[in-house]
Amino acid sequence: MRRILLCCAALLCPFFVHAVEVTSLPVASNVPGGIAIVDTAMTATEGRYRNDKIMLVEFEGTQYAIIGIPLNAAIGEHSLTLESADGTEVTRLFAVQDKLYVEQRLTITNERQVNPNNDDMVRINRESAEMNEAFSSWDETLQPVFAMRAPVDGVRSSSFGLKRFFNEQPRAPHSGMDIAAPEGTPIYAPAPGVVRSTGEYFFNGNTIILDHGHGLISLYCHMNTIDVVPGTRVETGEQIGKVGQTGRVTGPHLHWSINLNNVRVDPALFIQD
Ligand code: ZN
């Protein structure tokens, strides 16, 4: 009896179901750095993948889990857990296929940007904790929009996931898309959101983090100017800054990253033109 009552409550009360209604889905790509879209086949109130909360959406009457797959994910079967209003937990499986990411070798003239000194490391660790906090943000009040416009009119490279070497030394894979454009080119919000934080960082230069809701968060780096302040609501196409070459760069460009459940995924999966 208790179970029936709770189910009815879940149907009647939207606060019981933490799925948000969306008007489109991103492009699914079951590879490291991609996005898995899993039909929950139930009315889940919460979902988790690798202990991180995942986005649950309602699209055309069906509930889906939208999962960011990390670049270092193992190839094979992965699982997520879903919880219903009565506390029952179920497991769903999805496959992750292999994807070849090629190597990229870059020469950085400022040696400290490749091998930072001790003071730099203190700064870098502080900044990465600051950014990580913004990436972990979960705003239930924002409705995520997956169909995005490119944030800059420029040359979009397919640079996401490249295995990177700076001055022949291996570093973390490239976690975003680089869009080359002249210094001063306007950067626009690709989707509605709230400015979660801004900063002037060692590697990323002038940076903005936009929160699009439910764990969908985007990052803009190396900017010449930051034209918004934290807490501001921005709409699609609103100017947030200008292209620059601050931080570790080899020329003016925008570095654009997208996070889902605090995992960097390929921004190309969101651009619809
Ligand atoms: Zn980049």
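Predicted model: local features only at pLDDT ≥ 70, side-chain atom pairs only at ≥ 80, totals over all residues.
In strand 21, the residue that bridges to methionine 177 is tryptophan 256. Residues are numbered from 1 along each chain as its sequence is written, and side-chain values use heavy atoms, with hydrogens and water left out.

**Strands and their partners**

Helices (H or I, at least four residues) and strands (E, at least two) are DSSP runs, numbered from the N terminus. Two strands pair if DSSP finds at least two bridges between them.

Strand 13 is joined by 4 bridges to strand 21 (residues 253-260), and the two run antiparallel. Strand 13 (residues 177-180) also pairs with strand 10 (residues 155-156), again in the antiparallel sense, over 2 bridges. In that pairing, valine 155 has alanine 180 as its bridge partner.

Elsewhere, 3 strands make an open sheet in the order 14-20-18, with antiparallel pairing. Its edge strands are strand 14 (186-188) and strand 18 (225-226), each of which pairs on one side only. Strand 14 meets strand 20 (residues 239-242) over 3 bridges, and tyrosine 188 has glutamine 239 of strand 20 as its bridge partner.

Strand 11 (residues 163-166) and strand 12 pair in the antiparallel sense over 2 bridges; here phenylalanine 165 stands opposite proline 170.

**The zinc site**

Which residues hold the zinc ion? The ion is coordinated by His174 (NE2), Asp178 (OD) and His255 (ND1), at 2.0 to 2.1 Å. Donors here are N, O and S atoms within 2.8 Å of the metal (3.2 Å for Na, K and Ca); water is not among the atoms, so sites may look incomplete. Along the sequence, the donor residues follow the spacing H-x3-D-x76-H.

Are histidine 174 and aspartate 178 buried or exposed? Buried means under 20% relative accessible area, exposed over 50%, and partly exposed in between (1.4 Å probe, protein chains only). Histidine 174 is buried at 3%, and aspartate 178 is buried at 13%.

**Salt bridges**

A salt bridge is a side-chain nitrogen of Lys or Arg within 4 Å of a carboxyl oxygen of Asp or Glu. By this rule the count comes to 13. The table shows some of them.

| Pair | Closest N to O |
|---|---|
| Glutamate 127 and arginine 123 | 2.6 Å |
| Aspartate 227 and lysine 242 | 3.2 Å |

Glutamate 127 and arginine 123 are 4 residues apart in helix 2 (residues 118-135), so they are separated by about one helical turn. Glutamate 127 is buried at 6% relative accessibility, whereas arginine 123 is partly exposed at 26%.

Arginine 196 lies in strand 15 (residues 193-201) and aspartate 139 in the loop between helix 2 and strand 10, so the pair ties together parts that are 57 residues apart in sequence. Arginine 196 counts as partly exposed at 29%, and aspartate 139 as buried at 16%.

Aspartate 227 sits in the loop between strand 18 and strand 19 (233-234) and lysine 242 in strand 20, so this pair ties together parts that are 15 residues apart in sequence. Aspartate 227 is partly exposed at 35%, and lysine 242 is partly exposed at 26%. Salt bridges with shared partners also join Glu103, Arg105 and Glu168 into one network.
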